[in-house]
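I opened the notebook with a few things to look up, chain by chain. Here are my entries, in the order I made them.

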Amino acid sequence: MRMKRVAAVAMMASLALSAAACGKEGTPAPSGGNASGGAQGDTCTTSGATFTPKGDANVAGSPTFDKIKSSGKVTVGVKFDQPNLGYKDAQGKRCGFDIEIAQYVASTLGVDPAKIEYKEIASANRETAIKGGEIDYYVGTYSITDKRKNDISFAGPYFIAGQDLLVRKDETTITGKDTLKGKKVCSATGSTPIQKVRDEGLTEPENIVEFKTYSECVSQLLDKKVDAVTTDDAILKGYAAQNPDELKVAGQPFSTEKYGIGLPKDDKALRDYVNDQIEAAAKDGTWQKIYDGTLGKSGSAGSPPALERY
Amino acid sequence: MGEFFRVLTDNWTLYRDGFTNTVQLFLIAAVGSLVLGTLLGAMRVSPVPALRASGATYVNIVRNTPLTLVFAFLVFGVPKLDVNIDYFDSACIALTVYTAAFVCEVIRSGVNTVGTGQAEAARALGMTFAQVLTLIVLPQALRAMVPPMMSVFIAMLKNTTIAAGFSVLEAGAIPSYMSERGEPQFAVLLWITIGFLILILPLVALQRFLERKWRVAR
Amino acid sequence: MSQASVLYDLPGPKARRRNAILGVASIVGIVALLAYVGWKFYETGQFEARKWEQFQYAAVQRELLAGLWATLKAAGIAAVLALLFGAIFASARLSDRWVLRAPATFVVELFRAIPLLILIFFGYYVPLQYGWAIDKLWALVIGLMLYNGSVLAEIFRAGINAVPYGQTEGAYAIGLRKNQVLRLILLPQAFRSMLPAIVSQLVVLLKDTALGFIITYPELLFVGKQIGGRLAFGLPYVPTYLIVGAIYIAICGLLSIFAWWLQRRLGRIPRTAGEVLPAQDAGEDAGRMI
């Protein structure tokens with residue numbers, strides 16, 4: 001008797017699982033009751049730029065490159081929850097400015113972009129992940145700072161952003177960084193923006209809220225549990241573009257964030273090589289094409305910044 | 001070695017605040033889960049089938065759900081229902097809701113360790129329900145309950161670290177602050193371990209002592 | 001619960017009436033509570049099609065299945081390693097030589113006192129600090145193994161100690177060596193009594209894989225957060241967590257039912273010695289299960 005009951009439960013469970021396994025094919029897209037009219041759907045679209053792997057790629061004296069070459073694949077750290085920058089849609093497809101920069105870099109290293117192994121690394125763990133060799137390089141709104149240069153090195157910058165504030169559409173009191181006192185401010189643990197808020201005392205320490213990722217902060221903002229999300233405008237504009245009816249960006253950047261590609265510290269050969277490639281992409285229009293097809297859709301024009309080699 | 005001590009002294013306020021919050025979280029959730037758990041335990045040993053069934057359902061659902069999911073639901077799900085709870089309070093509620101299921105089980109099994117004959121004899125003597133409960137059942141059941149109750153609370157103390165993933169600055173959140181400050185993680189984690197050992201070992205010792213003392217009496 | 005409880009006699013007519021009234025009142029109360037929660041869900045639009053429709057798509061279901069697979073993979077590997085770890089340290093703790101006993105006792109007590117999350121952090125941050133890339137899966141597995149392995153070691157030890165001493169004495173008397181006593185006499189008897197407790201601990205292990213969420217190991221809960229965090233679908237956290245919760249409850253419930261069934265089954269076999277270590281009823285277990 002009991003045996004039968006257990007078997008029945010097991011069967012029901014497996015039935016439920018197999019029933020779940022056959023769903024609609026295609027891309028989930030929000031329909032009916034879509035409050036955020038005019039929002040972009042959840043589908044990833046690429047800029048259309050194609051990256052063909054360089055067959056003759058060679059970086060003399062780079063241990064990272066040797067590793068990539070011998071294994072034939074490259075492991076890249078990215079973000080997955082930043083629309084138009086580093087995003088993973090419901091289909092599991094990745095897209096965005098950072099993703100395409102990562103793909104471009106992979107192609108110049110002779111690796112087919114389709115063969116990239118992506119790793120989602122939270123902001124707080126980026127240096128550790130590069131230092132430990134968990135990833136070969138990191139492309140994900142990674143600001144170049146002197147402190148980080150102690151642990152890793154940067155190629156780039158390939159983009160310049162500024163710290164800004166994301167607030168609810170009906171917010172009137174928060175307009176810039178000096179209006180944050182007494183407001184709850186959210187950002188990602190270990191990111192430069194939250195350090196700036198802390199160091200400059202923009203709001204009281206007990207009003208600082210930290211989560212692993214920005215999307216968690218945005219959720220808290222919409223739920224009125226925090227009053228502002230702070231990070232780079234490039235990231236925030238993506239969220240605002242996804243939900244223009246409820247979110248807006250304050251639009252008063254109060255810092256300069258230079259995005260670099262995080263590389264292992266002692267691999268100067270690779271750094272110089274990647275810098276050359278970024279420069280080439282800026283010259284031949286690849287950069288612009290990627291930008292217009294991804295980040296540009298968040299609503300602002302952009303142009304490649306000057307490289308800072310070291 | 002000097003480096004090891006420097007990690008603590010340089011970041012003393014962070015460690016102090018972290019562990020203060022851990023202890024606060026622990027004490028609030030301990031009281032909360034004791035109250036809720038006792039209520040549920042009473043439901044599970046009550047003569048009313050509906051109460052017994054709902055108590056059992058609660059326990060079975062909660063026991064088979066990861067605590068992390070309870071946290072996630074409270075922090076990301078509940079605000080969607082227009083209920084606004086502070087992060088620290090959410091952590092207290094999550095720990096309370098989760099631990100109460102285990103407290104309930106301890107109480108139920110504690111009551112069940114008392115031989116039926118004991119209560120029957122007491123009733124045969126003409127004792128009322130209150131008398132049976134306070135004079136016969138509880139004194140015996142409590143002895144059986146205290147050691148496992150302590151393991152539940154020791155486990156809860158350790159579980160407070162999960163709040164780190166949900167914007168509560170407690171001991172478990174220290175590593176991510178420290179990686180922001182570029183401190184060597186091994187030393188950081190070792191100090192957290194030492195902190196927990198200081199909190200937990202006396203509890204474990206007390207538990208062992210009570211267990212040994214009362215096992216003989218049983 | 002069908003037989004008389006400690007607390008009260010079989011109800012008479014009056015008590016039965018009172019219980020019926022209490023029963024109806026509590027059902028009303030519970031239904032009202034659930035209805036309020038349901039209404040709150042409805043009022044805030046949790047049942048809106050937009051929040052649920054992405055679950056109809058194979059892509060999203062595949063995501064959930066991938067998360068489930070990651071969870072089961074971590075749990076499976078960790079379970080095997082934890083059982084090994086437990087067996088090794090339990091036998092060391094049962095050894096006559098203090099050289100083996102003392103360090104094993106230290107290790108088991110230590111890992112039981114450290115929060116699992118901190119153990120996972122050790123597994124994740126420390127190898128990276130020394131430039132050794134470690135997959136998040138292994139960081140999680142190592143943490144789970146150390147903690148659950150230590151608990152299992154205690155279960156094994158308690159199980160073997162629970163076999164009446166006469167068995168050991170008898171075995172020695174017929175000339176068996178220590179190794180043989182353990183292998184031929186104690187283990188077969190202890191194993192049966194330990195099984196339910198072991199399965200319960202494995203349920204705990206399965207549940208604890210959810211901690212991988214905090215080090216962003218892509219397990220079920222992490223996938224749930226990704227799906228729930230999609231702005232375009234109106235941040236469907238509530239539906240997603242309900243689904244994820246149901247999956248966890250189903251899997252852990254199945255394992256729990258298995259443990260319960262095993263206990264019943266083992267309970268019916270005429271015992272030669274040793275009590276079945278109660279998996280559900282001993283209070284101690286409640287502490288272990290958490």
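Before counting anything, I settled on what a contact is: two residues touch if their C-beta atoms, placed from the backbone, lie within 7 Å. I also noted that this is a predicted model.

**Entry: chain B against chain C.** How many residues does each chain bring to the contact? I found 60 residues from chain B and 58 residues from chain C. On the side of chain B that touches chain C, the elements giving two or more residues include helix H3 (49-63), helix H5 (87-113) and helix H9 (185-217) of chain B. I sorted that side of chain B by class and got 38 nonpolar, 15 polar and seven charged residues.

**Entry: chain B by itself.** I looked up the secondary structure of chain B and got nine helices and zero strands. The C-alpha trace of chain B spans about 70 × 45 × 25 Å along its principal axes. Chain B has 218 residues, and 50% of them count as buried. Among contacts in chain B with a separation of 6 or more, 74% join residues 24 or more positions apart.

**Entry: a helix pair in chain A.** I then turned to helix H3 (residues 97-108) and helix H10 (residues 286-293) of chain A, which pack at an angle of about 150 degrees with their axes 9 Å apart. Angles over 145 degrees count as roughly antiparallel, so H3(A) is roughly antiparallel to H10(A). The crossing of H3(A) past H10(A) is right-handed. Which residues make this contact? I listed Phe97(A), Glu100(A), Ile101(A) and Tyr104(A) from H3(A), with Thr286(A), Ile290(A) and Tyr291(A) from H10(A). By class, I noted five nonpolar, one polar and one charged residues there.

Conventions
Residues are numbered from 1 along each chain as its sequence is written. Chains are lettered from A and ligands numbered from 1 in the order in which they are written. This is a predicted model: local features need pLDDT of at least 70, side-chain atom pairs count only at pLDDT 80 or more; totals for chains, interfaces and linings use all residues. Helices (H or I, at least four residues) and strands (E, at least two) are DSSP runs, numbered from the N terminus. Ala, Val, Leu, Ile, Met, Phe, Trp, Tyr, Cys and Pro count as nonpolar, Asp, Glu, Lys and Arg as charged, and the others, Gly among them, as polar. Axes are lines fitted to C-alpha atoms, for helices over the stretch in contact, and angles run from 0 to 180 degrees between N-to-C directions. Angles under 35 degrees count as roughly parallel, over 145 as roughly antiparallel, 65 to 115 as roughly perpendicular and the rest as oblique. A crossing is left-handed if the near helix is turned anticlockwise from the far one by less than a right angle, and right-handed if clockwise. A residue is buried if 20 or more other C-beta atoms lie within 10 Å of its own, exposed if 12 or fewer, and partly exposed in between; C-beta atoms are placed from the backbone.
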